[in-house]
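Hello,

Here is the structure for you to look over. My notes on helix packing follow below.

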Amino acid sequence: MGKSTGFLEFERRVSQAEEPLQRIRHFNEFHTPLTEEEQREQGARCMDCGVPFCQAGVPIAGMVVGCPLHNLVPEWNDLVYRGNYKEALVRLLKTNPLPEFTSRVCPALCEKACTCSLHGASVTVQENERAIIEYGYEEGLMHPQENIPRTGKCIAVIGSGPAGLAAAQRLNQRGHLVTVLEREDKAGGLLRYGIPNMKLEKQYIDRRVAKMEQEGIRFQYNHSVHTAKQAASVCREYDAVLLACGSTQPRDLQVTGRDAAGVYFAVEFLKATTKALWNNTLQDENTYISAKGKDVLIIGGGDTGNDCVGTSIRHGARSVLQLEMMPPLPECRQEDNPWPEWPRVQKTDYGQQESIAVFGRDPRLYETTVKEFKKDEAGQLYGAVLQKLRPVQDVQTGRTIMEPIEGSEWQVDCQLAIIAAGFVGCELAVTKAFNVAVNERGRVKTTDAHYVTDQQKVFTAGDMHRGQSLVVWAIKEGCDAAREIDEYLMGYSNL
């Protein structure tokens with residue numbers, strides 16, 4: 001696949017990122033795509049490797065290796081190299097219904113499993129994917145599918161995140177009548193309100209939703225289904241119901257002073273900024289949670305924490321500190337983490353890069369947690385007591401836990417604290433409304449490798465089913481659930 005000697009002739013190249021001190025002046029995506037000639041060279045680097053781990057999507061050493069969607073990566077890389085973007089688009093859409101999202105926000109499991117990365121730099125799979133889908137839109141190839149033969153079956157999809165959108169698209173293509181019920185004012189779920197514009201500008205969501213509407217999918221916004229009466233009405237009206245409401249119950253901190261004004265969850269913070277940008281009210285600090293002129297403390301070292309760092313800097317924060325409970329990962333692969341396993345290595349993401357450029361230091365502080373939030377007489381946050389942690393092995397489970405170190409406390413100034421510690425399950429109002437069983441981890445319970453709940457004609461998919469995960473996994477689950485719903489309704493499926 002690709003040019004047989006391409007990986008020897010061409011170096012890996014990726015789109016050029018705008019310099020940190022320039023890009024923090026705006027909230028737009030900040031990478032300049034490669035030229036077509038450069039992109040074709042990157043496609044040429046795809047080897048005829050024999051076993052394309054990039055598209056495997058199989059677990060190795062407890063972690064999935066390659067793309068869960070089983071994208072036909074070598075095939076469309078070869079087509080990019082040959083300049084046949086039209087056919088590359090056909091191959092891409094066979095497995096991935098929403099590549100404009102995965103090509104922007106996926107951590108590229110495909111690239112981490114690329115055979116080229118065994119001894120060098122991987123193929124630029126993600127950027128090739130983005131080039132293909134954007135070519136499709138620019139050339140008018142992503143026109144709505146018309147005259148779809150209808151089955152007469154009606155399906156309600158509750159939630160318009162990546163799982164809900166993927167399922168709705170697949171079911172509509174099959175000929176079922178699909179209605180998406182969304183409690184927010186716009187579609188996208190965490191794609192819209194959990195991922196900042198710097199990583200995914202929202203017009204790309206609107207572009208996809210407009211195409212889906214033209215194909216016959218109905219979207220009903222500000223439509224919450226959280227009572228038993230509402231759920232019963234939905235079940236009566238539709239032949240099948242898919243719950244795709246996400247894992248939206250944030251993990252909280254149970255510490256003294258948690259009720260201080262100025263402590264927020266990450267999604268609250270990011271959502272407020274996104275809405276202010278959409279409504280052109282970012283100049284009015286009363287319309288969103290502003291970090292301007294404040295010492296910001298972010299609790300959580302993952303992608304969401306990094307997004308909060310980048311957003312706070314764009315607001316004009318006075319300082320940013322990001323806490324990570326665990327020790328730092330090594331800078332390169334260790335012997336016990338060989339290819340093609342997911343590389344457990346340290347990365348410095350865009351938000352941390354911007355902090356280094358603005359404040360002269362990486363914002364991350366490892367093996368540290370919050371012991372107490374400090375508030376004044378009016379209840380306003382003004383500081384936090386931090387405490388160092390150390391890894392110890394739990395005698396009963398054998399797992400490593402982080403234990404507080406007595407006497408290691410110290411206080412820092414902060415007027416805004418953002419909790420980005422992940423999620424603990426889906427919101428119970430919806431599960432109670434539909435009376436579906438939930439497991440001990442707060443996820444909707446199903447049998448292994450299936451998506452049907454313990455309630456007749458009620459299915460589930462995405463983070464609500466598997467727990468907080470990647471966008472690519474949500475899309476995978478949406479596609480698989482669509483097939484299962486189709487089989488339930490029709491007795492077979494050609495999805």
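**Helix packing notes**

Helix H1 (6–9), helix H4 (73–81), helix H5 (85–95) and helix H8 (125–138) are among the elements that cover the buried residues of H3. Please note that this is a predicted model.

Start with H3 itself, which spans residues 36–44. Its buried residues are Glu38, Gln39, Gln42, Gly43 and Ala44.

Next, H4. Seven of its nine residues are buried, so H4 is largely enclosed by the rest of the structure. The buried set is made up of Val73, Pro74, Trp76, Asn77, Asp78, Leu79 and Val80. These residues pack against H3, H5 and H8. After H4 comes Gly83, with a positive phi near 80°.

Now the other end of the numbering I looked at: H14 and H15. H14 covers residues 303–315 and H15 covers residues 350–359. The two helices pack at an angle of about 40°, and their axes are 7 Å apart.

Which residues make the contact? From H14, they are Asn306, Asp307, Val309, Gly310, Ile313 and Arg314. From H15, they are Tyr350, Gly351, Gln352, Glu354, Ser355, Val358 and Phe359. By type, the contact of H14 with H15 has five nonpolar, five polar and three charged residues.

Best wishes

Technical notes. Residues numbered from 1 in each chain as written. Predicted model: local features only at pLDDT ≥ 70, side-chain atom pairs only at ≥ 80, totals over all residues. Heavy atoms only, no water. Axes fitted to C-alpha atoms, helices over the stretch in contact; angles between N-to-C directions. Helix = DSSP H or I, 4+ residues; strand = E, 2+ residues; numbered from the N terminus. Contact = heavy atoms within 4.5 Å. Nonpolar A, V, L, I, M, F, W, Y, C, P; charged D, E, K, R; others polar. Buried < 20%, exposed > 50% of the residue type's maximum accessible area, 1.4 Å probe, protein only.
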